Amino acid sequence: MTDHPTAALDDVVHQRHRLGILTIAAEVKRVEFAYLRSTLNLTAGNLSRHIAVLEEAGLLFVEKGYEGKRPKTWVSVTPAGREALAAEMAALRALLDRHTRG
Amino acid sequence: MTTDPGELLDELAGLRKRARDDRHGYWFPLLLMGVLSLVSLPLSQADPNPTDHLVDGGRGWWLDPLMHLRLKTEVVHPLALSLYWLGALVAGLLATVWWYRWRARRVGVETPTGTYVQVALLGLVAVLFGIPLSTSLFYRYSPIDPTFPVVAIAMAVLLGLALLAFRARRARLLTIPVGLLLASVALSLLQVPDVGIDLGMGGGAQFMAIAIGLLTLAWIERSKLCAVIAVVFTGCVLIVDNSPMKIDALGAGQDVLLLATVLVLGGLGALAAQRVSP
């Protein structure tokens, strides 16, 4: 008997906003904090917490720096993050397939 | 928060599309290369008393890369035109990388340009050295005259191997040059007598280098519009390189005007498309 697709869902990644962060970061070389905040419609504190969780899990790489006098935070996805995102998308598609067939 | 996997996948696809649209900036390199092509026109005056400036296929002709940066039509100042194009290609590459970084600071999403730089530089080397050398070796040392079916099979094998090399995840510093070498040899097969397609080795290699750069840009931008413009431009380069038609009124400008127009209109069209996209 095969596992139910939900068994493939990763608790760290399977959160709507974290999936959104990973999806955007995987599409570009790097993404700026303010872009993520406005695109995902999150508060700065909320976004920081999600990024910290993903960084701790080794799925994101965070660069902090300055542009002139303004602090800037850039986020990029790691190879592990790319794999985790691909696995999560595959699990979601499998779940959708099962739901559609059932 | 949605818990439905279908809605979640749709939402993620929307985010991916938005990030992709926001990072697109290919109108600038299109317009830049179009303007640089138009600026070359004063140096592209046809020589009223043409001698034999161009590639004659003699021994060692592939050792003079600047020769390929001229035009099919012989011009009055061939060396100045070649040096102009060498500078324009390098300046265009550097300006494109600068543009994407500048744009990333403004928009908040950065397009990865590493692959573009590698392929553009190696593509320039392939166009200036690889394809001419490979063609020269075929002419001189091939034991058989490759016929069209032989060329088709050999090209498919070589391009397949090149693709594998480009897609290798390890040792990319080695696999990318190997892939490019294989692609150069494959492309040079198009120039054997039975096929007879000129890739710009008879003058105009700068436009083939630009075409390689644009096709790479379309790939890293994941843009259908950029891909269409790059394919149209590549098609026009092949037409200009292989058309026997001469329009005396245009002089050497006939080798430049169509291609510059495609680049400028493509750049303006891409800019307009970006402005109207929601």
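**View 1. B:Leu81 in helix α3 of chain B.** Helices are DSSP runs of H or I, at least four residues long, numbered from the N terminus. In this predicted model, B:Leu81 belongs to helix α3 of chain B, residues 78-107. B:Leu81 counts as buried because 23 C-beta neighbours lie inside 10 Å. Leaving aside residues up to four places away in sequence, B:Leu81 touches B:Ser40, B:Leu43, B:Ser44, B:Arg70 and B:Val75. B:Gln206 is 125 residues away along the chain, with 11 Å between its C-alpha atom and that of B:Leu81.

**View 2. The largest nonpolar core.** This core has 56 residues. B:Val127, B:Met208, B:Ala209, B:Ala211, B:Phe233 and B:Leu259 have the most contacts inside it. Elements of chain B that give two or more residues to this core include α3, α4 (114-141), α7 (205-221) and α9 (257-276). The largest share, 9 residues, comes from α7(B).

View 3. Not counting residues up to four places away in sequence, B:Leu259 touches B:Ser37, B:Phe207, B:Phe233, B:Cys236, B:Val237 and B:Val240. A second, separate core has 30 residues, among them A:Val31, A:Leu85, B:Leu12 and B:Ala104.

**View 4. The hairpin of β2(A) and β3(A).** Strands β2 (residues 60-67) and β3 (residues 70-77) of chain A run antiparallel, joined by 8 bridges. A:Phe61 stands opposite A:Ser76 in β3(A). The hairpin has 2 residues between the strands, and A:Gly68 takes a positive phi near 70 degrees. In a regular strand, side chains alternate between the two faces of the sheet.

Technical notes. Residues numbered from 1 in each chain as written. Chains lettered and ligands numbered in written order. Predicted model: local features only at pLDDT ≥ 70, side-chain atom pairs only at ≥ 80, totals over all residues. Pairing = 2+ DSSP bridges. Buried ≥ 20, exposed ≤ 12 C-beta atoms within 10 Å, placed from the backbone. Contact = placed C-beta atoms within 7 Å. Core = buried A, V, L, I, M, F, W, Y, C linked by C-beta atoms within 7 Å.
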